[in-house]
Amino acid sequence: MLSSFTLKLPRQIVFGPGKLSELENTLGRFGARPLLVLGGRSAAATGHSAKLEKIFAKLGILVPTVHIGSEPSPEMIDTIVADLAGEEIDLVIALGGGSALDGGKAISVMLKEKGEITRFLEGVGSTTPSGRRLSFIAIPTTSGTGSEATSNAVISSIGSQGFKSSLRHDNFIPDLALVDPALTLSCPEQLTVACGMDCFSQLVEGYLSTNSSSLTDALALEGLKAIHRSLRLVCADGSNLPARSDLAYAALLSGIVLCNSGLGAVHGFASALGGLFAIPHGLVCGTLMAPVNATSLKNLRIKGDNLPALTKYAQLGSFFSDQQNKTDAWYQDYFIEELAKLADDLAIAPLSAFGVSTTDIENIVAKTGNKYNPTPLTREDLATILHSRIRE
Ligand SMILES: [Fe+2]
């Protein structure tokens with residue numbers, strides 16, 4: 001029998017190459033006085049911001065613009081919000097990678113919420129967000145975090161006491177996710193790889209999550225089909241628009257899936273590591289995906305207490321293999337081998353390339369949660385996984 005579920009989604013999703021031009025017709029529905037949030041310098045270099053300026057000029061509106069040049073920090077958001085005091089804004093449009101989208105989402109909230117953002121961050125502050133925010137449109141230019149469909153904005157404070165924490169409320173899911181895969185054509189190779197691995201790990205973790213539903217499973221498998229078709233292709237040739245479209249589709253689906261089912265231990269590690277070290281989020285996911293899944297599979301086999309997860313691992317293997325009529329165990333092993341091979345083929349760096357050493361392991365493990373991993377990983381498991389990705 002089907003289990004109960006709810007599904008939280010953006011109010012509207014517009015998807016397809018060239019669809020950015022539809023912003024012109026959609027804008028008025030969400031607000032008349034937008035604020036534009038862009039990423040770093042790449043927004044100008046790629047011509048994305050020029051396309052938006054053309055649309056705004058046609059509509060006869062002057063739009064204030066702010067930049068989020070790196071993963072958004074509390075200070076960054078608080079400063080931008082303070083500088084905007086007195087501006088008449090009723091809509092935030094964010095165009096860029098995960099940082100710009102999360103930054104824009106946080107600004108749309110904090111222009112209503114008032115006060116320092118830290119107060120509202122999960123596990124850091126003590127105040128629950130009210131859910132109030134300005135209208136928000138998310139336009140991704142990378143295929144990775146799925147922020148265009150999620151209810152959280154990740155805010156980072158990097159350092160020995162650092163954190164990577166979420167500003168989260170169901171109301172924070174964007175009003176409009178405008179996904180134009182043509183905008184991702186200019187995404188550089190290394191960023192494409194990192195974002196692709198983030199998206200892949202989100203789909204796998206959402207699918208295996210102890211909080212998944214039949215509907216999120218279906219969406220995750222749809223995204224994984226697109227990953228299987230196109231992840232390697234897009235990493236080899238970023239000008240391949242059909243492959244870029246597959247990745248943009250997979251990233252959107254990964255956002256819907258993670259927003260509804262949650263994630264697993266790869267993202268548990270990513271929260272801890274992202275607060276302590278300046279490592280791109282997607283690379284943490286890419287480098288840890290194979291050892292985390294290998295350990296989860298090993299534990300599931302020993303414990304035998306989550307048979308549906310073992311069936312799902314077999315399903316994942318059969319998805320990525322062209323072999324038929326193999327046993328479940330064969331497909332499970334194949335999936336793990338494929339993850340390790342993918343990380344090698346894409347030359348995903350070990351954690352030590354970002355300054356992580358064996359002396360950091362205890363601290364990282366203490367800050368790492370299992371989230372909705374299909375089986376809990378022990379502290380020893382987590383330490384062994386980290387060891388496997390540190391070269392000294
Ligand atoms: Fe992620």
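Visitor: At what angle do helix H6 and helix H10 pack?
Guide: This is a predicted model: local features need pLDDT of at least 70, side-chain atom pairs count only at pLDDT 80 or more, and totals for chains, interfaces and linings use all residues. Residues are numbered from 1 along each chain as its sequence is written. H6 spans residues 189-208 and H10 spans residues 281-303 (helices are DSSP runs of H or I, at least four residues, numbered from the N terminus). Their axes (lines fitted to C-alpha atoms over the stretch in contact, with angles from 0 to 180 degrees between N-to-C directions) lie 7 Å apart, at an angle of about 60 degrees.

Visitor: Which residues of H6 make the contact with H10?
Guide: Contact requires C-beta atoms, placed from the backbone, within 7 Å. H10 brings His281, Gly282, Leu283, Cys285, Gly286 and Met289. H6 brings Ala194, Cys195, Met197, Asp198 and Ser201.

Visitor: How many residues of H8 are buried?
Guide: H8 covers residues 241-261, 21 residues in total. It is largely enclosed by the rest of the structure, because its buried residues (20 or more other C-beta atoms within 10 Å of their own, C-beta atoms being placed from the backbone) number 19 of the 21.

Visitor: Which residue just after H8 takes a positive phi?
Guide: H8 ends at residue 261. Just after H8, a phi of about 80 degrees belongs to Gly262.

Visitor: Is Leu342 buried or exposed?
Guide: Leu342 sits in helix H12, residues 328-345. Its C-alpha is 10.0 Å from that of Thr287, 55 residues apart along the chain. Leu342 has 21 C-beta neighbours inside 10 Å, so it counts as buried.

How values were computed:
Helix = DSSP H or I, 4+ residues; strand = E, 2+ residues; numbered from the N terminus. Contact = placed C-beta atoms within 7 Å. Expected span 1.5 Å × (residues − 1). Buried ≥ 20, exposed ≤ 12 C-beta atoms within 10 Å, placed from the backbone.
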